[in-house]
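Keep the structure open beside you as you read.

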Amino acid sequence: MNMKGAYLSFSRTAVSSHAAEQSGTGAPHPTTLPRMITAPGKFREVLECGASVPLSALRVAAKTRDVPIMKAVGLFLIFAALACALESSATTNPTVRVATAQAAGRVVDFRLTNSAAVLARVERNLEALEAIVHKAGAEKCDVLALPEDTAGLLNWVGVNEALAKEVLPKVVNRMIERLGRAAAQHRMYLVVCSDHIESDGAMYNTAFFLGRDGYEIGRYHKVCPTWGEGGARKRGSSFPVFQTSDLGTVGMLICYDLVIPETARALALQGADIIFFPTMGGAAIGEDDIGVQALRVRAAENFTWLVVAHRGSGAMIISPKGTIVAEAKGPDGLAIADIDVRGGREGGDSMNRQRDMRARLFRERNPDAFKILTEANPPVLDKVPIDRTREEMGRIMARALTVGEDEFRDANKLVAAGKIDEARVAFERLQKEYPDTWIDRRSEERLAKLGPGEGTKKSAGLASKYSGDSGIANDPAVLYADNFESGDMKRWDQHRGGVTMSEARPNAGRWCAEMRMERGKNQGGDAVKWFMPGADRVYARCYVKFSADYQYNHHFLTLLANQRTNKWSAFGKAGLKPNGTYYSTGMEPWFAWGKSPSPGEVNLYTYYLDMEPDRKMNKYWGNGFFPPGPGKGQAASAKRMIPKLDQWQCWEFMIQANTAPEKADGKQAMWLDGELAGEFTGIRWRDDMDLKVNAFWLQHYGYDEGDPTKQYWKQSQSVWFDDVVVAREYIGPIKK
């Protein structure tokens with residue numbers, strides 16, 4: 001039998017690493033075959049590589065192994081047949097069974113202060129979670145993902161940071177050991193998540209990827225925690241991926257990470273075929289189901305499988321095309337799907353269709369144009385400042401998740417018991433202690449429903465805690481304060497016109513600010529202070545003194561709500577109806593067309609969404625709100641209040657924004673020397689809940705072309721201002 005130049009051929013999809021090393025391609029070079037065939041354990045590797053094997057190589061192998069040539073050929077053909085059978089099996093069944101859980105909320109009581117009691121409670125949680133692992137195993141799943149805060153310690157850690165350093169390492173070790181062992185019984189991968197103290201002593205929100213044997217393959221530290229979460233936890237610094245033979249390239253992200261689109265893209269660019277996402281939220285901040293839709297977009301824009309493990313509800317598996325292929329139902333439910341982790345990415349357009357769209361997508365990028373993405377302080381941050389540090393928000397968040405809930409329930413109990421005044425005080429305190437949280441918003445809603453109380457007229461106010469206002473600027477409720485004792489206007493963001501510092505009989509201290517209005521020379525003066533991003537409820541207090549021969553003015557003290565991205569959006573809008581980008585109100589003395597004595601009766605001159613036009617002029621001039629409320633009232637009524645001339649008086653007014661776009665539950669109020677002059681309700685200030693009060697305009701304006709008081713103009717007149725305070729709560733007169 002002449003076998004010179006003859007070959008035996010077969011095909012195999014799998015390519016061995018050894019063969020690739022030898023030839024740089026998927027098949028071994030013929031010159032390597034004798035050594036591979038004769039090496040122990042390498043004969044099968046030749047078969048797995050897929051190659052045309054020269055019979056001369058088999059003859060060398062047979063001679064080396066002392067095997068007759070025909071027997072070697074026979075053995076080769078048998079192994080080739082087995083390899084082809086394996087190939088056929090792999091081709092027809094390339095899928096893995098993926099499961100993700102929506103585990104019921106099992107939260108460790110934050111009141112527990114004994115580590116043994118905490119560990120015992122965690123053990124109970126792990127017992128329930130172990131049952132979920134076995135349920136997934138019974139379904140023959142290859143991998144299971146459990147939600148963020150798997151062991152249930154998040155809230156507890158928030159108020160027990162010191163003890164957490166002792167407890168967390170024990171909890172994490174026990175969680176991995178117990179749940180990993182359970183998963184290993186089913187030869188199943190497992191993803192779990194918990195806060196964890198690393199070797200550098202810092203705490204990280206960490207996801208762990210366990211192999212089929214129950215041991216850790218790798219871990220991921222959350223890179224983008226929320227502003228508050230980042231107070232106690234250190235940020236991760238990378239996006240590791242993990243290579244597996246059956247799940248492909250694996251990546252992990254945690255909760256808020258996915259609100260930042262770059263996180264998923266960082267994994268996708270490293271070849272992540274599947275991303276496991278333990279979470280307690282969605283992938284966007286907005287209304288309706290935008291969080292879920294954003295999850296679908298993240299999967300589709302990166303052509304990756306996304307496995308969402310969500311506590312309580314929302315666990316799902318999403319395909320690389322953004323299709324939700326499985327959703328869990330009910331507490332401790334599982335979403336299960338058989339997926340091809342390397343498939344499902346076909347797509348393109350009429351000119352260029354791809355079996356895997358990543359081939360195009362990640363070549364069509366232009367990274368050189370994306371440098372702004374790595375800027376730590378991009379220009380937008382100058383437009384949208386934030387008024388609390390990570391550490392401050394971390395403390396607020398920790399309390400809001402724990403004791404805050406109890407305090408909010410207690411305040412509601414006061415309402416149920418008919419103790420309305422006590423309830424008002426409780427809700428107002430909650431707003432102060434939990435600013436910008438759900439407790440703040442819900443307390444505001446409760447206060448709006450309770451309405452004004454008798455105590456509002458006589459409330460001692462914030463100033464009652466600070467004799468002579470000493471230290472009031474440092475109160476957490478205060479947004480801005482200036483007693484002018486610096487002798488200048490440098491603490492204001494801008495000032496114009498006839499503004500000077502005066503030592504002539506200030507209200508307190510040495511200095512006050514004078515704004516002089518001089519006919520033919522100026523239109524008075526003004527000063528502006530912004531306190532971005534602002535607040536939903538703001539009070540402004542200012543001491544005011546009119547000159548002894550004062551007549552009237554055009555505009556006076558004003559609070560304004562501007563867009564975060566445009567601090568001027570509420571300025572220069574005279575005669576225009578608000579379009580959703582601003583609102584404002586000013587406490588002013590109104591001359592009532594000469595019916596009110598100088599300097600005029602106090603009223604609130606207001607621009608808001610549902611304001612009424614001036615029918616005669618077809619303009620939307622500010623609507624006047626006259627005492628006592630709750631409606632607009634009428635000028636020159638028996639309830640009017642006239643400020644005094646040549647005498648310091650305490651002026652204060654406030655805005656409280658509506659709680660929802662369609663709700664007219666906003667209000668405003670004003671006080672003169674601590675006496676409530678008017679409180680007005682049923683106002684719809686805004687249809688954008690992000691539009692907050694964020695500017696105070698100290699102005700003495702008049703002698704302008706549109707001033708309706710022209711017939712009363714004098715050659716000059718002055719107003720003095722002193723002891724300005726802007727705060728989130730009622731301020732009241734200075735405590736003497």
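## A hairpin to start with

Leu210 has Glu216 in strand 7 as its bridge partner. Helices (H or I, at least four residues) and strands (E, at least two) are DSSP runs, numbered from the N terminus, and two strands pair if DSSP finds at least two bridges between them. Strand 6 and strand 7 (residues 216-221) are joined by five bridges in the antiparallel sense. Five residues lie between the strands of this hairpin, and Gly214 has a positive phi near 90° there.

Before going on, note that this is a predicted model, where local features need pLDDT of at least 70, side-chain atom pairs count only at pLDDT 80 or more, and totals for chains, interfaces and linings use all residues. Residues are numbered from 1 along each chain as its sequence is written, and side-chain values use heavy atoms, leaving out hydrogens and water.

## Strand 6 and its other partner

On its other pairing, strand 6 meets strand 5 (residues 189-197), antiparallel again, over eight bridges. Here Phe209 in strand 6 stands opposite Val191. These two strands also make a hairpin, with five residues between them, and Gly201 in the turn shows a positive phi of about 85°.

How many residues of strand 6 are buried? In strand 6 (residues 203-210), eight of eight are, where buried means under 20% relative accessible area, exposed over 50%, and partly exposed in between (1.4 Å probe, protein chains only). Met203, Asn205, Ala207 and Phe209 point one way, while Tyr204, Thr206, Phe208 and Leu210 point the other way, and all are buried.

Now look for an open sheet of six strands, in the order 8-9-10-11-12-13, with mixed pairing. Its edge strands, strand 8 (241-243) and strand 13, each pair on one side only. On average, neighbouring strands in this sheet are turned by 20° against each other, ignoring direction. Such angles run from 0 to 180 degrees between N-to-C directions, and axes are lines fitted to C-alpha atoms, for helices over the stretch in contact.

Strand 10 (residues 274-279) and strand 11 (residues 305-310) show parallel pairing, over six bridges; Pro278 has Ala309 in strand 11 as its bridge partner. Strand 12 (residues 316-318) and strand 13 (residues 324-327) run antiparallel, joined by three bridges, and Ile317 is partnered with Ala326 in strand 13. In their hairpin, with five residues between the strands, Gly322 has a positive phi near 85°.

Helix 10 lies across strand 10, strand 11, strand 12 and strand 13, at about 40° to strand 12. Helix 10 (residues 290-302) also packs with helix 9 (residues 261-268) at an angle of about 35°, the axes being 10 Å apart.

Which residues of helix 9 and helix 10 meet? Pro261, Ala264, Arg265 and Ala268 in helix 9 touch Arg298, Glu301 and Asn302 in helix 10, where contact means heavy atoms within 4.5 Å. By class, this contact of helix 9 with helix 10 has three nonpolar, one polar and three charged residues. Here Ala, Val, Leu, Ile, Met, Phe, Trp, Tyr, Cys and Pro count as nonpolar, Asp, Glu, Lys and Arg as charged, and the others, Gly among them, as polar.

## The cysteines

How many disulfides are there? The count is zero, with a disulfide being a pair of cysteine sulfur atoms within 2.5 Å. The sulfur of Cys255 is too far for a bond, because the closest cysteine sulfur, in Cys193, is 8.8 Å away. Cys255 counts as buried, at 15% relative accessibility, and Cys512 counts as buried at 0%.
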